[in-house]
Amino acid sequence: MMDEARYNQLVAAVFKRMVAAADAIDPDVLEAESTGDMLTLTAASREKCIVNTQRAVKQVWVAGQGQGIHFSYDEATGTWLDDKGRHLELFRFVADVVHHISGVDFVYPS
């Protein structure tokens with residue numbers, strides 16, 4: 001299992017990338033609020049996508065569109081993948097939820 005320092009580094013990069021994508025969208029359409037271990041993306045409709053850390057199990061959990069998905073970091077591919085083997089990738093899943101709740105494309109900076 002990965003150590004705490006590596007997990008913290010990876011999670012910080014996830015949050016930074018997601019906040020940057022949200023900041024590129026009109027705040028009247030989508031608002032991002034990051035507090036500690038949680039990032040809440042709220043659409044004008046008041047629907048939300050919530051991304052939070054789960055330090056004990058070294059995962060990132062996402063709630064949105066009536067689902068809760070747990071993502072684990074895959075060192076081999078360098079991606080966060082769902083832990084149920086459905087081939088869901090963290091950034092793509094969040095982008096899909098944001099599009100569903102807001103109608104806008106959630107484009108991540110490179």
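**Sheet, helices and core of the predicted model**

Six strands are arranged as an open sheet in the order β1-β2-β3-β4-β5-β6, with antiparallel pairing. The edges are formed by β1 (30–35) and β6 (79–82), each of which pairs on one side only, and neighbouring strands are turned against each other by 20° on average when direction is ignored. The coordinates are those of a predicted model, and the description that follows refers to that model.

Within the sheet, β2 (residues 38–43) and β3 (residues 48–54) pair in the antiparallel sense over 5 bridges. Thr 42, which is found in β2, stands opposite Lys 48 in β3, and the side chains of Thr 42 and Lys 48 are additionally joined by a polar contact of 3.2 Å. With neighbours within four places in sequence left aside, the contacts of Thr 42 are Val 29, Leu 30, Glu 31, Glu 47 and Lys 48. Thr 42 is classed as buried because its relative accessible area is 8%, which falls under the 20% cut-off.

At the other end of the strand order, β5 and β6 pair in the antiparallel sense over 4 bridges, and Ser 72 has Leu 81 in β6 as its bridge partner. The two strands form a hairpin with 4 residues between them, and Gly 78 in the turn has a positive phi of about 70°.

Helix α1 (residues 4–23) lies across β1, β2, β3, β4 (59–64), β5 (67–74) and β6, and runs at about 165° to β3. Helix α2 likewise lies across β1, β2, β3, β4, β5 and β6, running at about 20° to β4. Helix α2 (residues 90–102) comprises 13 residues and reaches 18 Å from its first C-alpha to its last, close to the 18 Å expected at 1.5 Å a residue. At the start of α2, a side-chain oxygen of Glu 89 comes to within 3.0 Å of the backbone nitrogen of Phe 91, while the helix is followed by Gly 103, whose phi is positive and near 80°.

The buried residues of α2 are Leu 90, Phe 91, Phe 93, Val 94, Ala 95, Val 97, Val 98 and Ile 101. In soluble globular proteins, nonpolar side chains tend to be buried together. The largest nonpolar core of the model has 32 residues, and those with the most contacts inside it are Trp 80, Val 94 and Phe 106; α1, β2, β3, β4, β5 and α2 each supply at least two residues of this core. Not counting residues up to four places away in sequence, Val 94 touches Met 18, Leu 41, Cys 49, Val 51, Val 62, Phe 106 and Tyr 108.

Most residues other than glycine have a negative phi. As for accessibility, Lys 58 is buried, with a relative accessible area of 12%, whereas Gln 65 is partly exposed, with a relative accessible area of 36%.

Note on methods
Residues numbered from 1 in each chain as written. Heavy atoms only, no water. Expected span 1.5 Å × (residues − 1). Buried < 20%, exposed > 50% of the residue type's maximum accessible area, 1.4 Å probe, protein only. Polar contact = N/O pair within 3.5 Å; in protein donor to acceptor, adjacent residues only side chain to side chain. Pairing = 2+ DSSP bridges. Axes fitted to C-alpha atoms, helices over the stretch in contact; angles between N-to-C directions. Contact = heavy atoms within 4.5 Å. Core = buried A, V, L, I, M, F, W, Y, C linked by side-chain atoms within 4.5 Å.
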